[in-house]
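Subject: Structure handover

Hi,

Here is the structure for your files. My notes on it follow below.

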Amino acid sequence: MKVDDRPPLFSRRSLLAGAGLGVLGAFAGTAAQAATGSLGRAPRVLIATNEPWGTYHVAPLLPEARRRGWEITQLVPDLTGIKPGDPVPVATPNRAPDADLLVVTGAGDWPAECAARFPRLPLVASSLAYQLPVEAPRAKEFRDRLRAITASSPAEAKVFDDYLGTRRPITVVGSPQTDDLPRHAPEPGTVLVLTSVTKSSSTGGSAPGTELLLAAAERLAAAGKHILVGLHPREDRSLWEKYEISSVPSVQASARAEAAIGIPGTVFPVVAAVGVPLVGCTEPRLNIPGYLLSVCSHTITTADEAVTAVTQAEPVSREVLYEAVGPIGGSTRRLLKAWRKAGVRV
């Protein structure tokens, strides 16, 4: 698997991916020529995610997509989980606009149902949030239709491959969230708390560990740290109102932090890319991919460890960062290019 001008990664799967890249590239070139020559307009894309109403994974794609004239619409079961003013265009399948491509970001029930609903659309799988390296039960329903697969980083690609059960080349494009990283300007004593989700809902599941994170935040506040909270979009805000809750997304908020602590999730590699040292809260009920733990300077299992871990935390190396987050900057451009080359119908 080769990304930009970097050398291949010499894992077994990377070598297998590289062997198949020539065949995929030949097909992709034909598709791109057809799309450019015959489509006559910018592509229209439908996206289905594992969190049916979770538009926050699609939102980072919009600035670059709009600059290029692309029309992106997220498929939702209904409009009940969409807040007024949400910037991501949404539609139910029966009201979806005519499209050239369907992108699934996972193999949960909703993406599988959307793939079945649009059997004639070219299909691409793109990882926009972390999955576990275990084959999803419904992946077999549509994986033979996949014209291309993308992931943010080499490590995420390996996990996504296991999750889909494909054993196919995966294009590494980087995370769209790295396209506009803030400059790290830490405020003395400020610690960013990255929350997860305490309660499951129809929009998506929860992650254990909030009790540990709350207790860790209390220990840090008692030690004189200023607690800045980066709320997961679905987290219960009332749990954290005793602290400053950031008015901007967690990645932007991380620019203010000397260190960050939280339950490792999709945002961790991106915050690491800002240059912020990370501490991960772990417990036996959590199942966390190794690459998310790799960007943590320390991990803790008890709140009493929090102050020392945060004080001693350091940024990760460039090598670890690249493996976990992929190429930084221009990621949405690379993602749209991969979609157009491999999937757009003419």
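Tryptophan 339 is buried, with a relative accessible area of 0%. Buried here means under 20% relative accessible area; exposed means over 50%, and partly exposed lies in between (1.4 Å probe, protein chains only). Tryptophan 70 is buried too, at 8%.

Before going on, note that this is a predicted model: local features need pLDDT of at least 70, side-chain atom pairs count only at pLDDT 80 or more, and totals for chains, interfaces and linings use all residues. Residues are numbered from 1 along each chain as its sequence is written, and side-chain values use heavy atoms, with hydrogens and water left out.

Aromatic pairs

Rings of Phe, Tyr and Trp (its six-membered ring) pair if their centres lie within 6.5 Å; planes under 30 degrees apart are stacked, over 60 edge-to-face, and the rest tilted. The count by this rule is 3 aromatic pairs. In one of them, the ring centres of tryptophan 70 and tryptophan 339 are 6.5 Å apart and the planes are at 45°, so this pair is tilted. Tryptophan 70 sits in the loop between helix H2 (62-67) and strand S2 (71-75), and tryptophan 339 in helix H11 (residues 331-343), so the pair ties together parts 269 residues apart in sequence. Helices (H or I, at least four residues) and strands (E, at least two) are DSSP runs, numbered from the N terminus.

Tryptophan 240 and tyrosine 243 also form a tilted pair, with 6.4 Å between centres and 40° between planes. Both tryptophan 240 and tyrosine 243 are buried.

The sheet

Two strands pair if DSSP finds at least two bridges between them.

Strands S4 (residues 101-104) and S5 (residues 123-126) run parallel and are joined by 3 bridges. Valine 104 has alanine 125 of S5 as its bridge partner. S5 is covered on both faces: Leu123 and Ala125 are buried on one side, Val124 and Ser126 on the other.

Helix H4

Helices H7 and H10

Helix H7 (residues 267-274) packs with helix H10 (residues 318-325) at about 145°, and the axes are 9 Å apart. Axes are lines fitted to C-alpha atoms, for helices over the stretch in contact; angles run from 0 to 180 degrees between N-to-C directions. Contact means heavy atoms within 4.5 Å. H7 contributes Pro269, Val270, Ala272 and Ala273 to the contact, and H10 contributes Leu321, Ala324 and Val325.

In H10, Leu321, Tyr322, Ala324 and Val325 are buried. The cover over the buried residues of H10 includes H4, H7 and helix H8 (290-294). Glycine 326 follows H10, with a positive phi near 85°.

Best wishes
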